[in-house]
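Me: I want to learn how to read a protein fold from its coordinates. Can we go feature by feature?

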Amino acid sequence: MEKINFLDLKKQYAHIKTELLHKFGEVLDRGVFSSGEYTTIFEEKFAQYCNTKYAIALNNGTSALHLAMLALGIGKDDEVIVPTNTFIATAWGVTYCGAKPIFVDCDELTWQIEAETIESKITNKTKAIIGVHLYGQPFDVDKLKIITEKHNLFLIEDASQAQGATYKKQKTGSFGEMACFSFYPTKNLGACGEAGGITTSNEKYYQHLQSLKNNGSIEKYYHNEIGFNMRMGSLEAVSLTIKLQYLDTWNQRRKIIAQRYYQSIQNEKITFQKQLDNTDSVYYLFVITTKERDNLLSYLAKNNVIAGLHYPVPCHLQKAYQHLSYKKGDFPHAEFLANHCLSLPIYPELTDFEVDKIIDVLNRY
């Protein structure tokens, strides 16, 4: 059997090659490489897609999380609640501002932020909660909103893995004070290069974020605050604008593959992520757990199926955060997941034949 890669971006490129090269040529011919009309067009189209008033185009998703904290006034001695079961960048934004991430466990079945334990972590220093729409599956927005409204906290969505997902038929990116996106090339909506963004319907935040990303400047050479160089390039912007036209179609293909996995993988050694009611995942990742993770990874590779790992070390056990004095056993659900999870190939260009092969290999394990 020919090898089935975990991801193959070349296949996506082949599908839209003509459109991309035409638009890249236009950018090159005009010499408009940064912070011009192409990024503005993407901002407008992405805001419309997410049903928000504004979108801010940035250089990557980590910058989005960083600037979101700054725009909310979060800084030294503040605390922000963050799920430990996420990519480390979710916590970076908090740390970059001098604030302290307060980690919480994930739910045992959904693997999303465990809302039931959040309130025990809230202090008079707590300013916000970051919820992560992990693996393309929205977190329980209503539960977090009840908590943030009760304690007068900001809600920030880390929607980096969930472009196009919905909660109660409403698009992710439109629930919190603002939402942060990564458009890293592997994402459901990924740039040809590094890129990120923020959505919000608050004009004050929008204006502030546009300043922060552009060296603290709205008018050229006049800097009203200490800012950053975090603009999105035009080539990245046009690639995203083109891909946005295909996003719903690509997401639908991911859903079809995911349902095939759910329905056809029949192996008692494998456990699936529980999907929340009233949500529609876009399956950025299809994560399973097994008590024999390393053995299964090896078995898959020997059978020409390349799986991935997301994430083998939870945030609270990362060396970068050892100064916070967390230890093994603090968050058992996240730690179990980290030691037993693996991610199956799931991308729109997978053929039915390849999906059948993956299912067959897993059922024979």
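This is a predicted model: local features need pLDDT of at least 70, side-chain atom pairs count only at pLDDT 80 or more; totals for chains, interfaces and linings use all residues.

Reply: Begin with the secondary structure.

Me: How many helices and strands does the chain have?

Reply: There are 11 helices and 13 strands.

Me: How do I judge whether the chain is compact?

Reply: Compare its radius of gyration with a globule rule for the chain length. For the extents, take the principal axes: the C-alpha trace spans about 65 × 55 × 35 Å.

Me: What share of the residues is buried?

Reply: Buried means under 20% relative accessible area. By that cut-off, 56% of the 365 residues count as buried. The accessible surface comes to about 16200 Å². Carbon and sulfur atoms hold 49% of that surface.

Me: What do the contacts say about sequence separation?

Reply: Take contacts between residues at least 6 apart in sequence. Of these, 70% join residues at least 24 apart.

Me: And the charges: how far apart are the mean positions of the positive and negative ones?

Reply: The chain has 39 positive and 41 negative charges, and their mean positions are 3 Å apart.

Me: Now sheets. What is the strand order in the open sheet of three strands?

Reply: Read the order across the sheet: β7-β6-β11, with antiparallel pairing. An edge strand pairs on one side only, and here the edges are β7 (170–171) and β11 (279–280). Strand β6 (residues 166–167) is joined to β11 by two bridges. In that pair, T166 stands opposite D280.

Me: Which strand does β12 pair with, and how many bridges join them?

Reply: β12 (residues 286–289) runs antiparallel to β13, and four bridges join the two.

Me: Are the faces of β13 covered or open?

Reply: Check the residues of each side in turn. On β13 (residues 341–344), C341 and S343 lie on one side, L342 and L344 on the other, and all are buried. Both faces are therefore covered, by the cut-off of under 20% relative accessible area.

Me: Last, a helix. How many residues of α7 are buried?

Reply: Helix α7 (residues 234–244) has 10 of its 11 residues buried. Among them are the charged-type residues E236 and K243, along with V238, L240 and I242.

Me: What do the buried residues of α7 pack against?

Reply: Three helices: α1 (9–30), α2 (37–50) and α8 (247–264).

Terms used: Residues are numbered from 1 along each chain as its sequence is written. Side-chain values use heavy atoms; hydrogens and water are left out. The radius of gyration is taken over C-alpha atoms; the globule rule is 2.2 Å times the number of residues to the power 0.38. Buried means under 20% relative accessible area, exposed over 50%, partly exposed in between (1.4 Å probe, protein chains only). Contact means heavy atoms within 4.5 Å. Accessible areas come from the Shrake-Rupley method with a 1.4 Å probe; for residues, only the protein chains shown count as cover. The place of a charge is taken as NZ of Lys, CZ of Arg, CG of Asp or CD of Glu. Two strands pair if DSSP finds at least two bridges between them.
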